[in-house]
Amino acid sequence: MSANYQAELVGVLGRPVAENPTGVMQEAAFAAAGLNWRYLNIEVPPERLADAMIGVRAFGMRGINLTIPHKVAVMQHLDEIAPDARVIGAVNTVRRDGERLIGENTDGKGFLRGVRQDAGVDPAGARVVILGAGGAARAVATELALAGAAQITVINRTAARGEGMVADLRANTPTAVRFEVWRGVYRVPADTDILVQATSIGLYPDVEGMPPVDLSAAPAHMLVSDVVFNPPETRLLAAARACGLPTLDGLSMLVYQGAIGFEMWTGEKAPEAVMKRALAEA
């Protein structure tokens, strides 16, 4: 049999992408699985996204990730959008099915896998508080609702954005959803099972950032999670641990959303331990 030197291509489109560590994690996974695949960080300005998507098709790329500022704009260049991604209103992963490009959102799915596997928590029947109403908050809330959360409370400073998110969730999921404007210090209710910090507060370089929340009434079993992955130990998670509360860091979500993308692209089980180690080292 002749040698095959042709690598399968995947990658990320965004601006900026130079410091995006996803490729390190994915290429470690490809090597562990014995796959001749390459992951490319491709910087694409907004006005060239349509051209880039033509390139994705022409190159026969097996899939791509999307990051800022393309997660919404890419949707018009795809053949199909997965139902949950349509509810979320954004796509972060595209998979190829023959000649068709299908948009998915793995952020919320990755968060959910981390809650179940790393934290050992079943979200079915849970009462959830989500801080923020941006893209990450929408993805997390949608997947928690579809997983059977009993109630989701969205806390956000901007009423229009928070109310819009709640309206979309009410229209597309069976979960009871409510909104509160975030004014001053938010006291987490005593009946909360899962608290999700889904804003960029605490993200490097603002490592001293701490969302104004009061954990004093939180029950001992309440899981405190943070979507910020750099640094993995945010001030919120440190405060939660000091209160004796279980925590889940943002690296979990980042690894698992990448693992789900790997599985969508390759059809193989992701080597999650390898991906975690590579990302932690990066």
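At what angle do helix α8 and helix α9 pack, and how far apart are their axes? In this predicted model, helix α8 (residues 250-266) packs on helix α9 (residues 272-281) at about 130 degrees. Their axes lie 10 Å apart. An angle over 145 degrees would count as roughly antiparallel. The two helices are therefore oblique to each other. Their crossing is right-handed. On the α8 side, the contact is made by L251, L254, V255, Y256, G258, A259 and F262. Helix α9 contributes E272, M275, K276 and L279. By class, this contact has eight nonpolar, one polar and two charged residues.

The crossing of α5 with α6 is right-handed. Residues A137, R138, A141 and T142 of α5 meet G164, M165, D168 and L169 of α6. The residues of this contact divide into four nonpolar, two polar and two charged.

The model contains an open sheet of six strands. The strand order is β9-β8-β7-β11-β13-β14, and the pairing is parallel. Strands β9 (176-181) and β14 (247-248) form the edges, each pairing on one side only. Strand β8 (residues 151-156) is joined to β9 by six bridges, and the two run parallel. Opposite V154 stands F179 of β9.

Helices pack against this sheet. Helix α6 (residues 159-172) lies across β8 and β9. Its direction makes about 180 degrees with that of β9. Helix α7 (residues 235-242) also packs on the sheet. It touches β11 (194-197), β13 (223-226) and β14. Relative to β13, helix α7 runs at about 165 degrees.

Strand β6 is mostly covered, with four of its five residues buried. Residue I102 of β6 stands opposite E80. I102 is also the bridge partner of R95. The hairpin of β5 and β6 has two residues between the strands. Within this hairpin, G98 takes a positive phi near 65 degrees.

Most residues other than glycine have a negative phi, and most peptide bonds are trans. A cis peptide bond joins R15 and P16, with omega about 5 degrees. P16 lies in the loop between β1 (8-14) and α1 (22-32). A cis bond also joins I68 and P69, again with omega about 5 degrees. P69 is placed in the loop between β3 (63-66) and β4 (80-81).

Is G23 buried or exposed? G23 lies in helix α1. Its relative accessibility is 11%. Buried means under 20%, so G23 counts as buried. Along the chain, G23 and A137 are 114 residues apart. Their C-alpha atoms are separated by 24 Å. A137 is one of the residues that α5 brings to its contact with α6.

Notes: Residues numbered from 1 in each chain as written. Predicted model: local features only at pLDDT ≥ 70, side-chain atom pairs only at ≥ 80, totals over all residues. Heavy atoms only, no water. Pairing = 2+ DSSP bridges. Contact = heavy atoms within 4.5 Å. Axes fitted to C-alpha atoms, helices over the stretch in contact; angles between N-to-C directions. Left-handed = near helix turned anticlockwise from the far one by under 90°. Nonpolar A, V, L, I, M, F, W, Y, C, P; charged D, E, K, R; others polar. Buried < 20%, exposed > 50% of the residue type's maximum accessible area, 1.4 Å probe, protein only. Parallel < 35°, antiparallel > 145°, perpendicular 65-115°, else oblique.
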